[in-house]
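Hello,

Here is the structure I said I would pass on. Please have a look at it before reading my notes below.

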Amino acid sequence: MESLLKELVFLSCDALKEEDHYLRESLSNNQCYSCDKTGVLSINNERYYQFIIARYLFRHFSRRIQVEYDLIDLVVFREDLPSKVEVAVEMKRWMSSTGSPEIPGIRSDFDKLRKCDSLKTLVLIFSSNPKNVSIKGNIQYLSNKIDRDLDPDLWVYESFDTVGGNGAENVFWVAGYDPFSHSK
């Protein structure tokens, strides 16, 4: 995967890790949440993740971005032509217990990006699993379920440890795939 796309994956994970830390600290200092120590997993909302990432990119990314541009979740504009989109990014959470309900939407995002008029594209998946479950195994499973001729080895992912429901040790991860990576 091209370095700009990898950077977006890593920065997205950093953004959510920072938010996770903030939420876990906030909840631990609030007596109302004495039993709830989860961070980003307590707000399992794709749009929430999108805006946390955008806010982080405004501060830590040296390129102009926009959220919800021309029906795309996030775009990065070109440096040489600031009105042209260089990267179109679609984001999806994959967090249900079976992973099945989200698959049609993920497929749709892959199809949308393949039709997109940008130089580069990126699908970002947000997910979490218990620490004893393989992220690579989940990515392999997801690649097969998406059924869009994806090479599971072309995903780039970053993760961080967090706390799930009932204090369970979890890993939150962000995985990125360029729909054009195997056809270029």
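What follows covers the nonpolar cores and then the pockets.

Please keep in mind that this is a predicted model.

Cores. The largest nonpolar core has 34 residues, and those with the most contacts inside it are Leu8, Leu16, Leu74, Phe126 and Phe172. Two or more residues each come from α1 (3–28), α2 (46–60), β1 (65–69), β2 (72–77), β3 (85–93), β4 (120–130), β5 (156–163) and β6 (169–177). The largest share, nine residues, is that of α1. Leaving aside neighbours within four places in sequence, Leu74 is in contact with Ala54, Leu57, Ile65, Gln66, Val67, Glu68, Val87, Ala88, Val89 and Met91.

Pockets. The largest pocket has a volume of about 230 Å³. Its lining includes Tyr69, Asp70, Ile72, Val75, Arg78, Lys84, Val85 and Ala88, together with Cys116, Asp117, Ser118 and Leu119. At least two lining residues each are supplied by β2 and β3. By class, the lining of this pocket has seven nonpolar residues, one polar and four charged.

The second largest pocket has a volume of about 190 Å³. Among the residues that line it are Trp94, Met95, Asn138 and Tyr141. Both β4 and α4 (135–146) give two or more residues to this lining, and β4 has the largest share, with three. The lining of the second largest pocket has eight polar residues, three nonpolar and no charged ones.

Regards

How values were computed. Residues are numbered from 1 along each chain as its sequence is written. This is a predicted model: local features need pLDDT of at least 70, side-chain atom pairs count only at pLDDT 80 or more; totals for chains, interfaces and linings use all residues. Side-chain values use heavy atoms; hydrogens and water are left out. A nonpolar core is a set of buried Ala, Val, Leu, Ile, Met, Phe, Trp, Tyr and Cys residues joined through side-chain atoms within 4.5 Å. Buried means under 20% relative accessible area, exposed over 50%, partly exposed in between (1.4 Å probe, protein chains only). Helices (H or I, at least four residues) and strands (E, at least two) are DSSP runs, numbered from the N terminus. Contact means heavy atoms within 4.5 Å. On a 1 Å grid over the protein atoms alone, a cavity is a set of points where a 1.4 Å probe fits but cannot get out, and a pocket is an open set with protein on both sides within 12 Å along at least five of seven lines; lining residues have an atom within 4 Å of a point. Grid points are joined across faces, edges and corners, and a volume is the space filled by probe spheres set on the points. Ala, Val, Leu, Ile, Met, Phe, Trp, Tyr, Cys and Pro count as nonpolar, Asp, Glu, Lys and Arg as charged, and the others, Gly among them, as polar.
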